[in-house]
Amino acid sequence: MRLFILGVGHKMPGWIETAFAEYAKRMPPELRIELKEIKPEQRSNSRTAETVMAAEAQRIDAALPRGCRLVCLDERGQDLTTMRLAQSLTVWQQDGRDVAFVIGGADGLDPTLKSRADTLIRLSSLTLPHGMVRVLLAEQLYRAWSINANHPYHRV
């Protein structure tokens, strides 16, 4: 099973790439994290947020692995604890499908994409920079794996 993080945005600062790579490389071979960057839609005064999100949704759809479990990050999503994420990770591994976590662009995610999601989650009630979300999500996935594997990284 693979974990994909699809993030709208590109050209992240070096510290974001370094931090993301650190957590991604810690994952075991049977549960790799792969990042797919989605080019953001060009914004202009003549385009509404809805048209921008719809265009980005098409790019996201094209990058989604076939048959994957779709988990969209959204401010109104389920507020998971780390322990609950670890439990979900176990269930997802038993299911065997790849899991794609989708981080939207500046305007968020298209409502039709969110309506197709298997799960909506949020990482925080705070508004976070999109690059930071990549890092936090990768760290939490590593932490969830470490809980399930009884690895000493997570301390209660």
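The following dialogue discusses selected features of a predicted model.

Biologist: Why is Glu-139 called buried?

Modeller: Glu-139 has a relative accessible area of 11%. Buried means under 20%, so Glu-139 is classed as buried. Glu-139 belongs to helix α5, which covers residues 130-148.

Biologist: Which residues does Glu-139 touch, not counting residues up to four places away in sequence?

Modeller: With those neighbours left out, Glu-139 touches Tyr-23 and Tyr-153.

Biologist: How many aromatic pairs does a search of the whole structure find?

Modeller: The search finds four aromatic pairs. One of them joins Tyr-142 and Tyr-153.

Biologist: What makes the pair of Tyr-142 and Tyr-153 edge-to-face?

Modeller: A pair of aromatic rings is described by the distance of the centres and the angle of the planes. The ring centres of Tyr-142 and Tyr-153 are 4.7 Å apart, and a pair requires centres within 6.5 Å. Their planes stand at 65 degrees, and an angle over 60 counts as edge-to-face. The pair is therefore edge-to-face.

Biologist: Which parts does this pair tie together?

Modeller: Tyr-142 lies in helix α5, whereas Tyr-153 lies in the segment after α5, so the pair ties together parts that are 11 residues apart in sequence. Tyr-23, Tyr-142, Trp-145 and Tyr-153 form one aromatic cluster.

Biologist: Is Tyr-142 buried or exposed?

Modeller: Tyr-142 has 5% relative accessibility. The limit for buried is under 20%, so Tyr-142 counts as buried.

Biologist: What makes the phi of Lys-11 worth noting?

Modeller: Most residues other than glycine have a negative phi. Lys-11 is a residue other than glycine, yet its phi is positive, near 60 degrees. Lys-11 is found in the loop between β1 and α1. Asn-150, which is not a glycine either, has a positive phi of about 55 degrees and lies in the segment after α5.

Biologist: Why do Lys-11 and Asn-150 count as exposed?

Modeller: Exposed means over 50% relative accessible area. Lys-11 has 73% relative accessibility, so it counts as exposed. Asn-150 has 70%, so it also counts as exposed.

Biologist: Which residues lie nearest the centre of the largest pocket?

Modeller: Leu-73, Asp-74, Glu-75, Gly-108 and His-130 lie nearest the centre, out of 22 lining residues. About 510 Å³ of space lies in this pocket. Strand β3 gives the most to its lining, with four residues. By class, that lining has nine nonpolar, seven polar and six charged residues.

Notes. Residues numbered from 1 in each chain as written. Predicted model: local features only at pLDDT ≥ 70, side-chain atom pairs only at ≥ 80, totals over all residues. Heavy atoms only, no water. Helix = DSSP H or I, 4+ residues; strand = E, 2+ residues; numbered from the N terminus. Buried < 20%, exposed > 50% of the residue type's maximum accessible area, 1.4 Å probe, protein only. Contact = heavy atoms within 4.5 Å. Phe/Tyr/Trp six-rings, centres within 6.5 Å; stacked < 30°, edge-to-face > 60°. 1 Å grid on protein atoms, 1.4 Å probe; cavity = no way out; pocket = protein on both sides within 12 Å on 5 of 7 lines; lining within 4 Å. Points joined across faces, edges and corners; volume = space filled by probe spheres on them. Nonpolar A, V, L, I, M, F, W, Y, C, P; charged D, E, K, R; others polar.
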